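Thank you all for coming; I would like to take a few minutes to walk through a structure that may be new to you. Please have a look at the sequence and the model first, and then we can go through some of the contacts together.

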Amino acid sequence: MSTLTATDVQPAAPERRRTKAPVERKARRRSASLGLLAWVVGVVFCLPAIWMLVTSFHSEPDAATNPPSIGAPLTLDSYRIFFGSGGGPSPWPPLINSLMASLFSTLFVLVLALPAAYALSIKRVEKWTDVMFFFLSTKMLPMVAGLLPVYLFAKNAGMLDNIWLLVILYTSMNLPIAVWMMQSFLADVPVSIIEAAQVDGARLVTILTRVVAPVAAPGIAATSLICFIFSWNELLFARVLTSVKAETAPVFLTGFVTSQGLFLAQLCAASVVVSLPVLAAGFAAQDKLVQGLSLGAVK
Amino acid sequence: MSPAGQAHSPAPRTAGRGPGTRARAWATRAPLLPALIFLIAVTQLPFVATLLISLFDWNSLAPDSRSFTGFSNYGSVFSDADLRDSVFTTIELTVTVVLASVILGLLLALLLDRKFMGRGFVRTLLITPFLLVPVSAALLWKHVLYNPEYGLLNGGWAWFTGLFGVDSPGQPDWISEMPLTAVEVALVWQWTPFMMLILLAGLQSRPLDIMEAARLDGASNWQMFRFLTLPHLRRYLELGILLGSINIVQNFDAVFTITAGGLGTANLPYTIYQTFYQAHEYGLASAAGVVVVIGTIIVATFALRVVSSLFSEEANRA
């Protein structure tokens, strides 16, 4: 009854405003305080990472104080030492190895996944959902279960401590994710433009590179960034299959503490440097990150 | 996935018979084959090899005494105290980390699902832990936070109690006093953002008209959450739990870095690594590997069902 008068009878409007105003103000205040809460929670949650960044700019004595020295002067010393003027092992070879393993495996993933996704989304093969689930099931096979045979194979084939072995393994690690992600991105490409290209006599490679790729470009870029992140982060295989020549950045980090003793500021600087590419890739792919991480199941 | 896409699936066009049909079917399959063959070769073959090795008594330090032992390695996996413990550690670690990060992730997602100043920046702050290289994150917790002498946890506590004039506050050695919890906390910190991202996507895909209708009908916030949001989020919760489980079961980085598997924190992946890399027990390590796979398959069967339901929902929607 009351809603009826409030909505239907015009003269009731001023009265309604009077009764609603305090409610609105209360809601606004509540919303503002929740916003503030979100800020506090965000900063507290991120605090360990922020503290790592701050510590990396402190001198070693300032880094190892109790209570923590928040206002200590900032210095680039740790970064200078990390990048080789400290007499420790140079971080460049492992960083370059990681970059190579990540870039090449991402490239191979794209070369293999793009045609596969095309066959699974645009030119549908029969039983395409079964194929999709096969791809996914390989991702659920724990990597550690295949580690020993891979190690034995590499040892016999003389491929231990070889970055290309990691490239192959990382390609297989990321391929299922990439197929799922790209499948969902390519499904968004309008079929009409593909048909038009086919009528014009375009071949598969032309269709993929000239028609599909440009439309699905943002999705392909996000897929690449996520594959890059996973390859860059990988530790187990790199730890077992590489030693000196092909050591990657995460392996270098784990060895960093023991070879240098515990230098907190240096450790923080090293962690910041190694994490930087991943942070950059992750922030860049933020929008599509969820879709990638949920294998394209959530848009 | 679009109706048009279905109309152009090969089925109607390949209705005719003859060699042309088969050739066309292969032409359709061809783009798929490189990925499929590569994946089978690199992921399935090693697993078959693991399966075979698990049936042998094989220590690489004594290569001459390699012999076929059938399933006795599997007996060892469950009778060897260390290996058996690592099975339970894996379960405890996975369940704790996944549940805690889902609950925290849900709270954070609810907090972020409203407009406020600088929301994008807060979101970036919240996902940062997930974007640190896992080894960096583990090292950060081990040395920068947990260190009993100058770690941030004890340092911050000393600073806080110092404000109230306490001279010698408690300064626990976190890693040796509560090793498994220390690993779990670090992992929860890393995985909460992942759960938050998935659940936030779920929150933002709620049908607005239904929410509005419920609001007009006078539903309270709690009622709306209980009867609309939670049922809608169910699939996203399942997806987060299952993808999280699959990843945490396989965790190596945190266990390896924070405790090196000591003090009862060795999970199966770490134990397998150690059994084959340091103890050179190839047969035993392979059997443990197969056990992990069987465990994962049980979880994955549910995972596939959940993902499959999300997937078919999307196929119907389009």
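Before I name any residues, let me say that contact here means heavy atoms within 4.5 Å, and that what you are looking at is a predicted model.

A second pair in chain A is H5(A), residues 92-121, and H10(A), residues 204-215, whose axes come within 11 Å and cross at roughly 95 degrees. That angle makes H5(A) roughly perpendicular to H10(A). From H5(A), the residues Leu114(A), Pro115(A) and Tyr118(A) meet Leu204(A), Ile207(A), Leu208(A) and Val212(A) of H10(A), and the residues of this contact divide into seven nonpolar, no polar and no charged.

Let me turn now to the two chains together, where 100 residues of chain A are in contact with 102 residues of chain B. Between them, chain A and chain B bury about 8,900 Å², and 78% of that area is on carbon and sulfur atoms. Of the area that chain A buries against chain B, 8% is supplied by Phe45(A), Arg124(A) and Met140(A), which is more than any other three residues supply.

How many salt bridges are there between chain A and chain B? The count is two, while a search of the whole structure, over all chains, finds five. In one salt bridge, the side chain of Glu126(A) meets that of Arg29(B), at 3.7 Å from N to O. In another, the side chains of Asp287(A) and Arg123(B) meet at 3.9 Å, again N to O. Asp287(A) lies in helix H15(A), residues 286-293, and Arg123(B) lies in helix H7 of chain B, residues 119-131, so this pair joins two chains.

Helix H15(A) also packs against chain B in another place, for its axis and that of H11(B), residues 179-204, come within 10 Å and cross at roughly 95 degrees. H15(A) and H11(B) are therefore roughly perpendicular to each other. Here Leu289(A), Val290(A) and Leu293(A) of H15(A) meet Phe194(B), Leu197(B), Ile198(B) and Ala201(B) of H11(B), and by class this contact has seven nonpolar residues, with no polar and no charged ones.

How values were computed:
Residues numbered from 1 in each chain as written. Chains lettered and ligands numbered in written order. Predicted model: local features only at pLDDT ≥ 70, side-chain atom pairs only at ≥ 80, totals over all residues. Heavy atoms only, no water. Buried area = accessible area lost by both parts, 1.4 Å probe. Salt bridge = Lys/Arg side-chain N within 4 Å of Asp/Glu carboxyl O. Axes fitted to C-alpha atoms, helices over the stretch in contact; angles between N-to-C directions. Helix = DSSP H or I, 4+ residues; strand = E, 2+ residues; numbered from the N terminus. Parallel < 35°, antiparallel > 145°, perpendicular 65-115°, else oblique. Nonpolar A, V, L, I, M, F, W, Y, C, P; charged D, E, K, R; others polar.
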